[in-house]
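User: I would like to learn how to read charged side chains in a model. Please take me through them step by step.

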Amino acid sequence: MAKAKELREHSTEELKALYQDLSKELFQLRNEMKVTRKMDKPHLIRSKKKDRARVMTILRENEIKATS
């Protein structure tokens, strides 16, 4: 996943789309975990959550800049 510096270069629409994609992937991973009770790569849940939080942070920063 991209670092925060790289995410700041994206537009708000792109960040919102990325947030939606990450949320869908996270939902699918959680469902897989609940259904099968085992995963090949359980670390992906944590990394997707962190990536989603990064995107949310950048979106909030952009929102604060726009109001200032």
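Analyst: Start with one residue. This is a predicted model, and Lys50 lies in helix H3.

User: Which patch on the surface does Lys50 belong to?

Analyst: A patch of positive charge, where Lys50 gathers with Arg30, Lys34, Arg46 and Lys49. Helix H2 (12–36) and helix H3 (43–67) each give two or more residues to this patch. H3 gives the largest share, three residues.

User: How many salt bridges are found in the whole structure?

Analyst: Four. The general idea: look for a side-chain nitrogen of Lys or Arg within 4 Å of a carboxyl oxygen of Asp or Glu. One case is Lys48 with Glu25, at 2.6 Å from N to O. That pair links distant parts of the chain, Lys48 in helix H3 and Glu25 in helix H2, 23 residues apart.

User: Is Lys48 buried or exposed?

Analyst: Buried means under 20% relative accessible area. Lys48, at 19%, counts as buried.

User: Which residue forms a salt bridge with Arg8?

Analyst: Glu61, with the closest N and O atoms 3.1 Å apart. Arg8 sits in the loop between helix H1 (4–7) and H2, while Glu61 is in helix H3, 53 residues away. Arg8 is partly exposed at 42%, and Glu61 is partly exposed at 27%.

User: What separates Arg54 and Asp51 in helix H3?

Analyst: About one helical turn, because they are three residues apart in helix H3. Asp51 is buried at 9%, whereas Arg54 is partly exposed at 34%.

Conventions
Residues are numbered from 1 along each chain as its sequence is written. This is a predicted model: local features need pLDDT of at least 70, side-chain atom pairs count only at pLDDT 80 or more; totals for chains, interfaces and linings use all residues. Side-chain values use heavy atoms; hydrogens and water are left out. Patches are made of residues with over 30% relative accessible area and no salt bridge: like charges are joined within 9 Å, nonpolar side chains (Val, Leu, Ile, Met, Phe, Trp, Tyr) within 5 Å. Accessible areas come from the Shrake-Rupley method with a 1.4 Å probe; for residues, only the protein chains shown count as cover. Lys and Arg count as positive and Asp and Glu as negative; His and the chain ends are not counted. The place of a charge is taken as NZ of Lys, CZ of Arg, CG of Asp or CD of Glu. Helices (H or I, at least four residues) and strands (E, at least two) are DSSP runs, numbered from the N terminus. Buried means under 20% relative accessible area, exposed over 50%, partly exposed in between (1.4 Å probe, protein chains only).
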